[in-house]
Amino acid sequence: MKILVTGGAGFIGSQIVDRYLAAGHEVVIVDNFESGRRENVPAKVRCYAISINDNELAEVIKKEKPDLVNHHAAQIDVRKSVEDPATDATINIVGSLNLLECCRRSGVKKVIFASSGGAIYGEQDYYPADEKHRMEPRSPYGITKLTVEKYLQSYHWTHGLSFVALRYANVYGPRQNALGEAGVIAIFTNKLLKGESPIINGDGEQTRDYVFVDDVVACNLEALKPEVRGIINVGSGIETSVNQIAQELIRLTGAKVSPQRGPGKSGEQKRSCLKPGVLQKGTPTVLATGLAKTVEWFKQR
Ligand SMILES: NC(=O)c1ccc[n+]([C@@H]2O[C@H](COP(=O)([O-])OP(=O)(O)OC[C@H]3O[C@@H](n4cnc5c(N)ncnc54)[C@H](O)[C@@H]3O)[C@@H](O)[C@H]2O)c1
């Protein structure tokens, strides 16, 4: 199958590209390298360094004629979305719409979309949240993810475009950017390997569901099957506090430091946990195993 991956130079997208290639698919990438890295792009893959907002995208999709588009390009920083919701919406909503229009016009059959369970459900009524949980996104970022899901449903009903929206928990693993605001595991690992103390905002008892990137990539491979459609969670079903993450990473890195305390972030979600979805075969990767692989990767760099 020919697959176009947007955001294919990024943390998750690039590992999906690798897995698709290993499975024998032809892959092309669209990525403007806002946070993506050249080193993540395999030499044999054609990569268009443009934005999903560019008019040029139509030419690329018309020329490449992919069977399926896997859409991972996005503004991913929740805090930036609060500071500048218009820019966030321009990339995450208007850019996604530009992509969907190009797909419709060029006869793309299916779209896989990287959505966010962590951001869409909001403060949860029950734990772990399944896909039927009410949706009350708190951040502009969460609103954009929910909006794109709604557009996908509309394109399905109106134009017959098939789609899968994968609602990720907090994804972690090799290649995650340690310099941004997203990705506490990457940020802490990077600091600890430099002998610096990780900074925990608030009391550190806020919980998240941490899912290893390999599990996420496996779901993106499953999602290629024509019979797989609709909205599907990708999580571990386990809540872990920031304090626990810090302790485990201090143990794994052997750093001789203690976490520092910073002010809590106003409006920050207290707890989040997703029920693993139907595409997750077997038990999700155990946190200690995923963290050990992540630390190893950061050490190699
Ligand atoms: N990391 C997580 O925990 C998580 C959780 C839920 C959903 N997601 C979603 O998964 C996707 C990938 O996230 P990631 O963590 O790999 O982040 P990332 O920043 O590594 O990947 C995003 C990629 O998109 C590219 N990009 C950004 N804006 C673009 C634009 N306008 N046009 C073209 N390319 C653009 C970046 O250069 C980067 O390569 C995003 O859609 C994100 O919202 C991530």
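## Strand β1 and Ile3

Strands, labelled E, are DSSP runs of at least two residues, and they are numbered from the N terminus. In this predicted model, Ile3 is placed in strand β1. With 25 C-beta neighbours inside 10 Å, Ile3 counts as buried, the cut-off for that class being 20 or more. Leaving aside residues up to four places away in sequence, Ile3 touches Tyr20, His25, Val27, Pro66, Asp67, Leu68 and Asn70. Glu83, by contrast, is 80 residues from Ile3 in sequence, and the two C-alpha atoms are 34 Å apart in space.

## Helix α4

Helix α4 comprises residues 85-105, and its 21 residues should span 30 Å at 1.5 Å a residue; the C-alpha atoms at its ends are 29 Å apart, which agrees with that expectation. Which residues of α4 are buried? They are Asp88, Ile91, Asn92, Gly95, Ser96, Leu99, Leu100, Cys102 and Cys103.

The cover over these buried residues includes the strands β1 (2-6), β4 (68-71) and β5 (110-116), together with the helices α2 (56-64), α3 (78-83) and α6 (140-159). Following α4 comes Gly107, whose phi is positive, near 75°.

## Helix α7

Helix α7 is largely enclosed by the rest of the structure, because seven of its ten residues are buried. These are Val184, Ile185, Ala186, Phe188, Thr189, Lys191 and Leu192, and what covers them includes β7, β10 (210-212), α9 and α10. Just after α7, Gly195 takes a positive phi of about 80°.

## Helix α9

The C-alpha atom of Gln247 is separated by 42 Å from that of Leu97, 150 residues away along the chain. After α9 comes Gly254, with a positive phi near 70°.

## Packing of α7 against α9

What angle and axis distance describe the packing of α7 and α9? Helix α7 (residues 184-193) and helix α9 (residues 242-253) pack at an angle of about 40°, with 10 Å between their axes, and α7 passes α9 in a right-handed crossing. On the side of α7 the contact is made by Val184, Ile185, Phe188, Thr189, Leu192 and Leu193, while α9 contributes Val242, Ile245, Ala246, Leu249, Ile250 and Thr253. Sorted by class, this contact has ten nonpolar residues, two polar residues and no charged residues.

## Backbone features in the loops

Two residues other than glycine have positive phi values, namely Phe33, near 60°, and Arg175, near 80°. Phe33 lies in the loop between β2 (26-30) and β3 (46-48), whereas Arg175 lies in the loop between β7 (170-172) and α7. Is each of them buried or partly exposed? Phe33 is partly exposed, because 15 other C-beta atoms lie within 10 Å of its own, and Arg175 is buried, because 21 do.

A cis peptide bond joins Tyr127 and Pro128, with omega at about -10°, and Pro128 lies in the loop between α5 (117-120) and α6. Glu268 has its place in the loop between β13 (260-262) and α10, where it counts as partly exposed, with 13 C-beta neighbours inside 10 Å. Glu268 and Glu123 are 145 residues apart along the chain, yet their C-alpha atoms are separated by 9.6 Å.

Terms used. Residues are numbered from 1 along each chain as its sequence is written. This is a predicted model: local features need pLDDT of at least 70, side-chain atom pairs count only at pLDDT 80 or more; totals for chains, interfaces and linings use all residues. Axes are lines fitted to C-alpha atoms, for helices over the stretch in contact, and angles run from 0 to 180 degrees between N-to-C directions. Helices (H or I, at least four residues) and strands (E, at least two) are DSSP runs, numbered from the N terminus. A crossing is left-handed if the near helix is turned anticlockwise from the far one by less than a right angle, and right-handed if clockwise. Two residues are in contact if their C-beta atoms, placed from the backbone, lie within 7 Å. Ala, Val, Leu, Ile, Met, Phe, Trp, Tyr, Cys and Pro count as nonpolar, Asp, Glu, Lys and Arg as charged, and the others, Gly among them, as polar. The expected span of a helix is 1.5 Å times one less than its number of residues. A residue is buried if 20 or more other C-beta atoms lie within 10 Å of its own, exposed if 12 or fewer, and partly exposed in between; C-beta atoms are placed from the backbone.
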